[in-house]
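My entries follow in the order in which I made them.

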Amino acid sequence: MSYRKRSDSKAMNPKELLDTTFDCECGRSHTVPIRNLIYAEDALEHLPKVLASFTEGRRAVLIADERTWDIVGCRVEEALEQAGWSVHNTIVPDNAGGSPVCDDTTHDWLSDHLPPADIVVAAGSGVINDLAKWSAFEHNLPYVVVATAATMNGFTAANVAPSVGGVKTIIPARPPLAVFAIPSVISEAPFELTAAGLGDTIAKPVSTADWLLNHIFCGEYFCRYCSQIINALEPCYLEKPEDIKNRKPAAIEALFNALLYSGIAMTVVGTSAPASGGEHLLSHTLDMMSGIDGIAHDLHGRQVGLGAIFTSAIYERIFRIETPRCHPFPTEIDSIFWSDRTDNVGEQYELKRPALQTMSEKLQDGATWQAFLTAARQQVHSPRQIKDCLRTAGAAHTFADIGCPRERLLAAVLHMHEIRKRPTVIDLAWLLGILPGAADEIIDRWLTS
Ligand SMILES: [Zn+2]
Ligand SMILES: [Zn+2]
């Protein structure tokens, strides 16, 4: 691992951050433990050599599902065996929904099927990557991932986000030492997966504004450098969404890199704040509602895309407020709505209370309000731009697109502030009296057609 001085960080190409520790302008020293990102048609030719740089052993556990095995798993096995590795294949079974899920049951199954090994290789995307990361961390093994789709930003994140006992949980783990991807495989992935990746990425400006909100109102740590780590990539998909639809190589690569680097930003600062604000709460809430009702939900990034439109519309209303008037924040969570998740949700909401109190007090201060407006306006795109981008790219942008009836979406929107202790723009909207009143109107105007 090499070491850089702070003066390097401004002009740094994010790729140069790999396997470094650097002094950042935020005053902290950041470490990027990921050593290699290989996005190339011949990526698998590099695999044995790169793996050999992580371990002296030659026993790999290869984790895939039935589809990712056919797409890339079999090629990984061949590449490693030809280089003298012994490869143990573990195909994670599908659940009733037709694909594996990342939960405690699947994790326990995987643990029972994991032989002694020197390294774990995940061949897949969201669920497979998370399951492999989780097991590798528990067994203290290095792991790498061979990606099959540009569908979410969890590849390079340190955490795993499984459902444990039916509750969406965050488990600390370690990011992979390397990410491999074959451009033609990523481009040819089922299009809804790529479009979901766009939804997850397009949320970034809102997450950044929400991170600034925590910084300005509650004094939370903020790193400008990490918040801007993907800014240079944004025009490649935001200004040319048709290139995503048409699977143009440069746009798909920019999207894939944006997902990797937003994951790296979360790993570097040690929280999800750089890439998960109020827009993500919509997706997490819909997932939890599905868990309670025992029904399937849509892909993370597709739901996040709608969350990004909704929260941008909230920001648009906030930007019109010159002198804020503070409304009392809701004191209770809705225990009927949350059913057996009430204790877990209530705990998060209680932890948020002091921050909500601080925010209400700071809202009275004109200078703080203006500082927040100026900072947030520089980040957030209009709901029109987000929606047009998602629509042109062929991504989900209405409640029908994600298979969610209007009433269910409205319920999610009105309960999503309850699930997380870190404040977001959704809390601010309640404090300013924008919610609950504006929810119906925003859904009608932005998420219906
Ligand atoms: Zn920093
Ligand atoms: Zn996400």
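I began with the side chains of strand S3 (residues 29-32), which alternate. I call a residue buried if 20 or more other C-beta atoms lie within 10 Å of its own, exposed if 12 or fewer, and partly exposed in between, with C-beta atoms placed from the backbone. Helices (H or I, at least four residues) and strands (E, at least two) are DSSP runs numbered from the N terminus.

I note that this is a predicted model, in which local features need pLDDT of at least 70 and side-chain atom pairs count only at pLDDT 80 or more, while totals for chains, interfaces and linings use all residues. Residues are numbered from 1 along each chain as its sequence is written, and chains are lettered from A and ligands numbered from 1 in the order in which they are written.

I then looked up the partner of S3. Strand S2 (residues 20-23) runs antiparallel to S3, and four bridges join them; two strands pair if DSSP finds at least two bridges between them. Asp23 has Ser29 of S3 as its bridge partner. The two strands form a hairpin with five residues between them, and Gly27 in the turn has a positive phi of about 100 degrees.

Next I examined the open sheet. Its six strands, paired in parallel, have the order S4-S13-S8-S7-S5-S6. At the edges I find strand S4 (36-39) and strand S6 (86-91), each of which pairs on one side only. On average, neighbouring strands are turned by 15 degrees against each other, direction ignored. Within this work I also recorded S7 (residues 119-124) and S8 (residues 143-147), which pair in the parallel sense over five bridges. Val120 has Tyr143 in S8 as its bridge partner.

Is Thr148 buried or exposed? Thr148 is buried, because 28 other C-beta atoms lie within 10 Å. I located Thr148 in the loop between S8 and strand S9 (159-160).

I turned to helix packing. Helix H3 (residues 104-112) and helix H4 (residues 126-138) pack at an angle of about 55 degrees, with axes 10 Å apart. Axes are lines fitted to C-alpha atoms, for helices over the stretch in contact, and angles run from 0 to 180 degrees between N-to-C directions. H3 and H4 are therefore oblique to each other. The contact involves Thr106, His107, Leu110 and Ser111 of H3 with Leu131, Trp134 and Ser135 of H4.

My last entries concern the backbone. Most residues other than glycine have a negative phi, and most peptide bonds are trans. Asp19, in the loop between strand S1 (2-4) and S2, has a positive phi of about 60 degrees. Asn140, in the loop between H4 and S8, has a positive phi of about 55 degrees. Asn140 counts as exposed because it has 7 C-beta neighbours inside 10 Å. Leu435 and Pro436 are joined by a cis peptide bond, with omega about 10 degrees.

Notes
Angles under 35 degrees count as roughly parallel, over 145 as roughly antiparallel, 65 to 115 as roughly perpendicular and the rest as oblique. Two residues are in contact if their C-beta atoms, placed from the backbone, lie within 7 Å.
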